[in-house]
Amino acid sequence: MKYFSFLCLYVILFFIGAASSNAALFVDEKQLHKIAFGKDWLKLLHYKKRLNGAYYSLVDGEHFFLHPQGKNNPLEELRATIAAFNTPNLQVGFIKQDPQCAFVERLNTLDKFGLIERHGVRCKDFEEWKEGVKGDSISLIFSSYFPNNPSSIFGHTFIRFNKGANEASEKMDLLDYTASYAAGVPEDVDPFTYAFKGVFGGFYGFFQFAPYYLKVNEYVSSESRDLFEYELNISKEGVDRIINHLWELYSSTYFYYYFLDENCSYILAQVLEVGMPEWDLDSSKFYYLPSLQIKKIINVPGAIKKRKVRISLKKKF
């Protein structure tokens, strides 16, 4: 009888311990629904709402979604993401990596809500990439208009990750990395096809990363375009979220590129909102020009810390 009592006590303690360890992972359906349709999750997966109330994501690559209906169903995508994070030996994305490595910011978001447990996965590709591009702050850069190229006739915007904020580091900003969103256009495309596909989303859009000195050489020297730099007032945590999310897009998916609305500036604005969810950089218009993105940023109180203009080589002469 004594041994039976000890056995019962052991079993009870075992289940209590198991329940305690998984308490953070338990979430009821009401809470799950609240998270799926909350601002954090909707912005992270770039969901928009149609006039009829249905959701859709701006992301078009199928590798970005872990549920077959994930593009149009935030709740099912949330459930599938939780399941994927707890499935060993699963490989996803372009470069076939563990879900916790492919979707780093999703992992952080769900961990914040207590929906998952991290397991010991070494994300070597992500860690090396992030070490190269990361910075302490972000500058939004507007390149002036360039009529020689139809896709740049209204200008262009991209971001730079500033590795430091002191005067000495500013002299080295040419070595900082930039992120820009652009269409992958074949070199041999004819003008008619270029215009048609550009307007109706016939090109794939990807994020590209390059040192700032290459951008300066391209815009300031080769194309004689001014660069207007706006250092943004984003916290280090917000900068980190943006970098993590850019990896999710860069290594796993693509968008359909539209010259008039879902272009370099619009998609970039959505990415900035991942780091600053309280910013509203969207537009109800049928077009979204780079200059509109700058106006949206300027209209956000306290969003800009300082400004700088890099004059084109032609103007200097």
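User: How many helices and strands does the protein have?

Analyst: This is a predicted model: local features need pLDDT of at least 70, side-chain atom pairs count only at pLDDT 80 or more, and totals for chains, interfaces and linings use all residues. Residues are numbered from 1 along each chain as its sequence is written, and side-chain values use heavy atoms, with hydrogens and water left out. Helices (H or I, at least four residues) and strands (E, at least two) are DSSP runs, numbered from the N terminus. The count for this protein is nine strands and 14 helices.

User: What percentage of the residues counts as buried?

Analyst: Buried means under 20% relative accessible area, exposed means over 50%, and partly exposed lies in between (1.4 Å probe, protein chains only). The protein has 317 residues. The buried share of them is 48%.

User: What is the strand order of the open sheet?

Analyst: Two strands pair if DSSP finds at least two bridges between them. The sheet has seven strands, with antiparallel pairing. Its order is S8-S6-S5-S4-S3-S7-S9.

User: Which strands are the edge strands?

Analyst: An edge strand here pairs on one side only. One spans residues 255-257 and the other 304-310. They are S8 and S9.

User: By how many degrees are neighbouring strands of this sheet turned against each other on average?

Analyst: Axes are lines fitted to C-alpha atoms, for helices over the stretch in contact, and angles run from 0 to 180 degrees between N-to-C directions. For this average, direction is ignored. The turn is 30 degrees.

User: Which residue is the bridge partner of Leu227 in S9?

Analyst: Strand S7 covers residues 227-232 and pairs with S9 over six bridges, in the antiparallel sense. Along this pairing, Glu231 stands opposite Lys306 in S9. The partner of Leu227 is Arg310.

User: Which residue stands opposite Leu227 on the S3 side?

Analyst: S3 and S7 run antiparallel, joined by five bridges. Five of the six residues of S7 are buried, so S7 is largely enclosed by the rest of the structure. Opposite Leu227 stands Ser143.

User: At what angle does helix H12 run to S4?

Analyst: Helix H12 (residues 264-275) lies across S3, S4, S5, S6, S7 and S8. Helix H11 (residues 236-250) lies across S3, S4, S5, S6 and S8, at about 130 degrees to S6. H12 runs to S4 at about 35 degrees.

User: Is Gln270 buried or exposed?

Analyst: Gln270 sits in helix H12. Contact means heavy atoms within 4.5 Å. Leaving out residues up to four places away in sequence, Gln270 touches His46, Lys48, Leu58 and Asp282. At 5% relative accessibility, Gln270 is buried.

User: Which residues of helix H6 are buried?

Analyst: H6 covers residues 104-112. Its buried residues pack against H3, H4, H5, H7 and H11. Just after H6, Gly114 takes a positive phi of about 70 degrees. The buried residues are Val104, Glu105, Arg106, Leu107, Thr109 and Leu110.

User: How do H6 and H11 lie to each other?

Analyst: Their axes are 7 Å apart, at an angle of about 125 degrees. Angles under 35 degrees count as roughly parallel, over 145 as roughly antiparallel, 65 to 115 as roughly perpendicular and the rest as oblique. H6 and H11 are therefore oblique.

User: How many nonpolar, polar and charged residues does the contact of H2 with H4 have?

Analyst: H2 (residues 29-36) and H4 pack at about 110 degrees, with axes 9 Å apart, and are therefore roughly perpendicular. H2 brings Glu29, Leu32, His33, Ile35 and Ala36, while H4 brings Pro74, Leu75, Leu78, Arg79 and Ile82. Ala, Val, Leu, Ile, Met, Phe, Trp, Tyr, Cys and Pro count as nonpolar, Asp, Glu, Lys and Arg as charged, and the others, Gly among them, as polar. The classes are seven nonpolar, one polar and two charged.

User: What distance separates the C-alpha atoms of Asp261 and Leu289?

Analyst: Asp261 lies in the loop between S8 and H12 and is partly exposed, with a relative accessible area of 28%. Beyond residues up to four places away in sequence, Asp261 touches Tyr266, Phe286, Tyr287 and Tyr288. Asp261 and Leu289 are 28 residues apart along the chain, yet their C-alpha atoms are separated by 7.4 Å.
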